Structure formats: structure tokens, C-alpha cells
Amino acid sequence: MILSKAKPFEKVLESIKDAGSVFIVGCGGCPLGCQSGGEAEMGRLKESLAAGGKKVAGSVTIDFLCNKALVGTRLKRRIDDIRGADRILVMSCGIGVQAVGNMVDKPAVPVLDTVSAGGLQGLWPSTECEVEKDRDCGWAMIYTRVKELGRLSGLKEPIPPRDHRKRDLPAEMRGTPMAALELEPERRQP
Amino acid sequence: MSKLRESIESGKFTVTSEIGPVKGTNIHKSLEEIEPIKDRAVAFNVTDNQSSVMRIASHAVCALLHQKGIEPIYQLTCRDRNRLALQADLLGAYVMGLRNVLALTGDHPTLGDHPEALPVFDFDVITLLQTIRRMMEGKDFNGNALDGAPAEFYPGAVVAPDADPQELQIFKMEKKIDAGAMFFQTQAVYDLGKFETFMNMVRGRKVPVLAGIILLKSPAMAKFMNENVAGVSVPDALIKEMEATDKKDRAKKSVEIAARLIRGVKDLCQGVHIMALGWEKHIPAVLAEAGL
């Protein structure tokens, strides 16, 4: 899951300062889980926009904005409302903003910030997180759990460092239908 | 062989100390700090962007010390460099004459003065230690042959004996030993009972341990460390002892406590690592009072 939270509303207003009306696309996936999206948040956003002098031309929530095929078919049904807006506001992570931006010829503007769930660095000599005081240390939690399972010897094995080439889609997967769905719309962009 | 390794392996109770590189180019300040003690310690750690605060590069200060005939311990963290830079810096350090390397994970950047920085951590400290060992044998991390191996590196690591829970520290320490750590320097030790328990648990691995000694400057400093420095716990009795001392006699008391701690660890481990934090001028008195 990708964690997200609402951008400060002044920032949203700043990014649509030239627009009179907006169409809002919500995501029913991760933002629902971290309560940065969903019906209530959509309602709040509409109220803030109205207070900020913006007209809301319409809105739609799509289950997962990262599913680009789904985004295309669902947005098509609302094409008239979308045409009537100056900007599209997207309540999702960056993938959803990209997906919406690839489907419509209007600027897609994010209203959420994605938040890193953080990683694990070295073992800290305390059961508290090194970075955030009131959080538990991940390594201490892992150690306790693995010990309970009687599998500490596994933790003794050195963990090989990450292969950063894996950030890119491997060549052999580029021809798959999944890759086509994920990548092709972006390639079609002028 | 480095003087540090020679001293430790000869069975002599070994003293090391450290300097924090300056934030800037006024390097004479760092060098002046160790002037009164340069002959009283076998080698000096040079920290690597300590506490994630940007400072002059550790290897540059190490090379300067080496040129002056003072033996450095090159501290190298995984925080700021990927695997290419770590290995390149190690080779560079070796040709500049550096032999002792202290491998560390490194504090997280959010704790320092560039909290927005990318936390690199491409390697963890275990992989770094394994890589140093592999390089000493003539291969880089990926197994490519080196044209000249840094065969005489003396890699070390750190451990916090006072940490709670101690068990995890010992687990990680054993991993570090398996990965190639040949000596350990510890976080500050104030609780001799806890340190003895720790040494009893690790003695079987026969890896030399230099106990960390931080000069206590005031009761406030002790309380600050208890609250903010993970792995350090100053017992209440010591804080009370500092509180009961007149301000003008604090330095004397500080020396007395440090010397007492050194005498207390002397039969338990192979040496001490003294961190004076600006009170370097008191180190000769500490050593004299500790009988070293």
C-alpha cells in the first residue's frame, strides 16, 4: 500500500490559481485505507474548493487509479463534465496522477502527498526507533518475533544488499500485457 | 601491521582516543585538540560526519594525522556512500597509509544538520565488513580482481554493552565478528556490573574489546545522555556524586570517575577508548590516576 496524506490546501489552491473549475478524481484504493481519500475526504475537498472560489464541475471515484485500463473506461463515461473543467484534481498517489494525466488532455493536479513508510537502518541500541522517538525499533521487533519462532539462526545469515537494477522493468517482462497496460499509455504521450 | 594491532595483539592494555573533524577548513583546531595527548594513545579515531552533521572528510583528516606520525582509526559509515564509493574510498585510504578502519552503519540523516539528505545505506555494516575482508584478499565486492590488495587493513566495529536489551547487541556483535571485525570499541561504559556481564558473554569469541570512556563533565550532561544517547546509561549514583561536587572541582571529579572506570574495566577487557569531547587536556591526568 502507498501511504498518503492531504497536501496543505493553500498548496492545492496555488497549483490551480489560473483555473475556474475543476473535476475531481478520487481513488478507492490506498487513500481509502489511510483515510486521505474516500467519501468524507471528497466532501471536505469540495467544501474547501467552494470556499476558495472554485467551481466543481463533477467528481468520480475509481477503485484503483493505478489500474490504467480501468481509469480509461471510467473517465470516458464522464467526458462531458471533464471537458467542462479547467483542471483535474486527483486524490491519489503519483501513479494515479500519471494515469489520469495520460488519459485526458487537461493538466492533472495531485491533492495528496505520498508518505514514505520508512525503512530499516542499523540496529539501534534501544527498543525505540532511531528516527522517531515514540515508535518501536523495527529490528528489535523482528528479533523478538524471530526468537519466538525459534528461528534466530536464520537471522544470523548475512542479508545481501539490494540489486538496484530491479527498479527497472526487466527486458523479458516488457512485452507482457501487464507491462503494456502499465507503460504503453505513457509512451503514446506526445 | 598497524601500531594499534601490534599493541592489542601484544596483550598490552591499549588506549585509543578520538577527534571530531571540524566543520570547515580550520583543521588546526582538530590537530591542536590532540596535541596534549598524541603520545598517550596508540591511535585516534576520526569520525565520519558524526551524528549526521556535515564536516570535513574523515579520510582527509586521517591522512594528515598519518603524515604527522599520529596513527588514525578511519571511521567509515554506510550512510553517505554507495558500494562503489565505499570501496573506492577504502582503496584511497589504504594508499594514503591508513590501516585501521572502524566500520559503522552511521546515524540516520534525520538526526543531523541535513535532515533532507538521501539515506544511502546501500550496504549495511555487515556487508561493509565482509567487503573489507574480501578486498584484503584481493577481490572487490563482486569478486573482480584488485590490482594490489589492501591486505593490511585492520577492520574493527562498535558495540554498546550498556544497551537495553543487551542480547540484540551481542547478536549483532557476533555477526560483525563473523563478517571480519577484528577489534571492538564500545559506547560509553558507566555501569561496571553490566559491563562485566557483557564481557562474560563475549569473551569466548576472543575478540579484543576497548571499553568506551566518556568524561562526565556535569550532572546535566549525564542526564542529557541518559535521555538522548541510545545505549548510554549513567547510574544515578554517579549523577549524585557529580551533583555533590562543587562546580570548581567538577573537572577533578570527572577525572576521578573516569580513572575509576578504567581501573574497573582493566581486568575485564583489552583496552579503553577515551572520548574527551573537548576535555582532551584532562586525559593525561585520567591515565595517570588510572595507573596507565
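**Close-up views of a two-chain predicted model**

**View 1. Helices H8 and H9 of chain B pack against each other.** In this predicted model, helix H8 (residues 219-228) and helix H9 (residues 236-243) of chain B pack at an angle of about 155°, with their axes 8 Å apart. Axes are lines fitted to C-alpha atoms, for helices over the stretch in contact, and angles run from 0 to 180 degrees between N-to-C directions. H8(B) and H9(B) are therefore roughly antiparallel, the term for angles over 145 degrees. H8(B) makes the contact (heavy atoms within 4.5 Å) through B:Pro219, B:Ala222, B:Lys223 and B:Asn226. H9(B) brings B:Ile239, B:Met242 and B:Glu243. By class, this contact has 4 nonpolar, 1 polar and 2 charged residues. Ala, Val, Leu, Ile, Met, Phe, Trp, Tyr, Cys and Pro count as nonpolar, Asp, Glu, Lys and Arg as charged, and the others, Gly among them, as polar. Helices (H or I, at least four residues) and strands (E, at least two) are DSSP runs, numbered from the N terminus.

**View 2. Chain A meets chain B.** The contact takes 23 residues from chain A and 31 residues from chain B. About 2200 Å² is buried between the two chains, and carbon and sulfur atoms give 60% of that area. Buried area is the accessible area (1.4 Å probe) that two parts lose on being put together, summed over both.

**View 3. A salt bridge links B:Glu174 and A:Lys156.** Their side chains meet at 3.0 Å, N to O. A salt bridge needs a side-chain nitrogen of Lys or Arg within 4 Å of a carboxyl oxygen of Asp or Glu. Between chain A and chain B the count is 2 salt bridges. On the side of chain A that touches chain B, helix H7 (138-148) and helix H8 (152-156) are the elements that give two or more residues. H7(A) gives the most, with 4 residues. That side of chain A divides into 12 nonpolar, 5 polar and 6 charged residues.

View 4. Most residues other than glycine have a negative phi, and most peptide bonds are trans. The peptide bond from B:Asp164 to B:Pro165 is cis, with omega near 5°. A:Gln35, not a glycine, has a positive phi of about 55°.

Residues are numbered from 1 along each chain as its sequence is written, and chains are lettered from A in the order in which they are written. Local features need pLDDT of at least 70, side-chain atom pairs count only at pLDDT 80 or more, totals for chains, interfaces and linings use all residues, and side-chain values use heavy atoms, with hydrogens and water left out.

Note on methods. Angles under 35 degrees count as roughly parallel, over 145 as roughly antiparallel, 65 to 115 as roughly perpendicular and the rest as oblique.
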